[in-house]
Every structure is written in C-alpha cells, then in structure tokens.
Amino acid sequence: MTKERKLIYLISTAQHLIKNEMIGRFKHGGLAITPTHSTILFLLEKDGPLQMSEIGKTLYIENSTVTGLIDRLEAKGFVSRLPAEEDRRKWIIAITERGRDEIDAARNVIRLLNSDIGKGYSQKELDTLENILCGLIVRFSGQEESTP
C-alpha cells in the first residue's frame with residue numbers, strides 16, 4: 001500500500017502559519033500594512049503605476065478584493081489613484097513616497113522571515129523548495145512554461 005500524501009493539508013497549514021507569523025512581525029515592526037498590502041506595494045514599486053485590473057491579474061485576486069485593498073492603502077496615504085487617460089472609468093494606482101517608506105520597512109521584516117524560513121535547510125533543499133513552489137504557481141495559474 002502506498003502512503004497517502006497530504007500535500008494540500010501541508011501546503012495550506014504552512015501557508016497559514018507563515019502568513020500569521022508575517023502579520024505578527026509586521027505589527028511588531030510597527031508597520032501599518034498587512035502582508036497582502038505589501039504585495040501590492042512591492043508590485044507598484046517594481047512595475048507601477050498600474051491599472052487596478054492589472055494588479056488583480058498579476059496577484060491572482062478578484063477585482064472587488066483589489067478595490068478594497070486599494071481603498072485602505074489610499075486612506076493611509078500609501079498609494080494614489082489617478083484617472084486613466086484613455087478611460088475615465090478606470091483608475092491607475094501609483095505608490096506614494098509614504099508607501100515607499102512603508103515598503104522599505106516591510107522589506108526588512110520579510111528579509112528576516114525569509115532567513116528564518118531557510119534555517120536548517122541546505123541551499124539545495126531551498127532551491128528545490130523554490131522550484132516546486134514556482135512550478136505550482138505555473139501549473140495552477142494557467143501560465144505556460146515561464147516562472148513568476
């Protein structure tokens with residue numbers, strides 16, 4: 001009899017534990033954003049300004065969820081919402097200087113958490129984990145053979 005793998009349980013549990021750890025570290029570090037907010041700010045820092053629909057597509061979240069997240073980021077002064085030139089019904093989201101300062105602080109917290117995640121594992125094991133996670137993202141995102 002083959003061993004039944006509990007991959008969904010393991011992935012889900014690890015994801016929840018890491019996210020909860022990240023939330024706690026963000027609070028302890030005095031950050032005013034959540035881990036999900038940080039992904040949006042990192043994306044805007046790297047690729048922005050972006051339309052709200054592009055943010056949702058890139059991060060695999062629904063447009064209605066993006067709207068709520070952007071509302072909260074805008075209320076805190078971390079992003080600005082600008083009308084799109086080609087269509088006044090669309091919005092372009094840009095990171096503000098205050099948002100850049102917040103993401104710099106978040107980057108330090110995330111760097112430490114990444115280091116803690118890697119403790120006790122060899123470089124080869126970490127490379128394998130990264131390859132597996134990238135492969136899962138490609139497989140379930142509908143992407144072709146490219147990695148995120």
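Leu126 is in contact with Gly118 and Tyr121, leaving aside its neighbours within four places in sequence. Contact here means heavy atoms within 4.5 Å. The model is a predicted one: local features need pLDDT of at least 70, side-chain atom pairs count only at pLDDT 80 or more, and totals for chains, interfaces and linings use all residues. Residues are numbered from 1 along each chain as its sequence is written, and side-chain values use heavy atoms, with hydrogens and water left out.

Stay with Leu126 for a moment. Leu126 sits in helix 6. Its relative accessible area is 24%, so Leu126 is partly exposed. The bands are these: buried is under 20% relative accessible area, exposed is over 50%, and partly exposed lies in between, with a 1.4 Å probe and protein chains only. Gly24 lies 102 residues from Leu126 in sequence. In space, the two C-alpha atoms are 24 Å apart.

Now step back to the whole chain. The protein chain has six helices and three strands. Both are DSSP runs numbered from the N terminus: helices are H or I with at least four residues, and strands are E with at least two. Along the sequence the pattern reads α-α-β-α-α-β-β-α-α. The C-alpha atoms fill a box of roughly 60 × 35 × 25 Å, taken along the principal axes. Of the 148 residues, 26% count as buried. Among contacts with a separation of 6 or more, 49% join residues 24 or more positions apart.

Next comes the surface. The accessible surface of the protein chain is about 10700 Å². Carbon and sulfur atoms own 55% of that surface. The areas come from the Shrake-Rupley method with a 1.4 Å probe; for residues, only the protein chains shown count as cover. The chain carries 21 positive and 21 negative side chains. Lys and Arg count as positive, Asp and Glu as negative, while His and the chain ends are not counted. The centres of the two sets lie 5 Å apart, with each charge placed at NZ of Lys, CZ of Arg, CG of Asp or CD of Glu.

The largest pocket has a volume of about 2400 Å³. It is lined by 41 residues, and the closest to its centre are Gln15, Ile18, Leu133, Cys134 and Ile137. Two or more lining residues come from each of helix 1 (7-28), helix 2 (35-47), helix 3 (52-59), helix 5 (97-118) and helix 6 (123-141). Helix 6 gives the most, with twelve residues. A pocket is an open set of points on a 1 Å grid over the protein atoms alone, where a 1.4 Å probe fits, with protein on both sides within 12 Å along at least five of seven lines; lining residues have an atom within 4 Å of a point. Points are joined across faces, edges and corners, and the volume is the space filled by probe spheres set on them.

Helix 5 holds Ala106. Ala106 has a relative accessible area of 0%, so it is buried. Not counting residues up to four places away in sequence, Ala106 touches Phe26, Leu31 and Ile33. The C-alpha atoms of Ala106 and Phe26 are 7.0 Å apart, although 80 residues separate them along the chain.

Two backbone details remain. Most residues other than glycine have a negative phi, and most peptide bonds are trans. The bond from Gly48 to Pro49 is cis, with omega near -5°. Pro49 lies in the loop between helix 2 and strand 1 (50-51). Tyr60, a residue other than glycine, has a positive phi near 60°. Tyr60 is in the loop between helix 3 and helix 4 (63-75), and at 49% relative accessibility Tyr60 counts as partly exposed.
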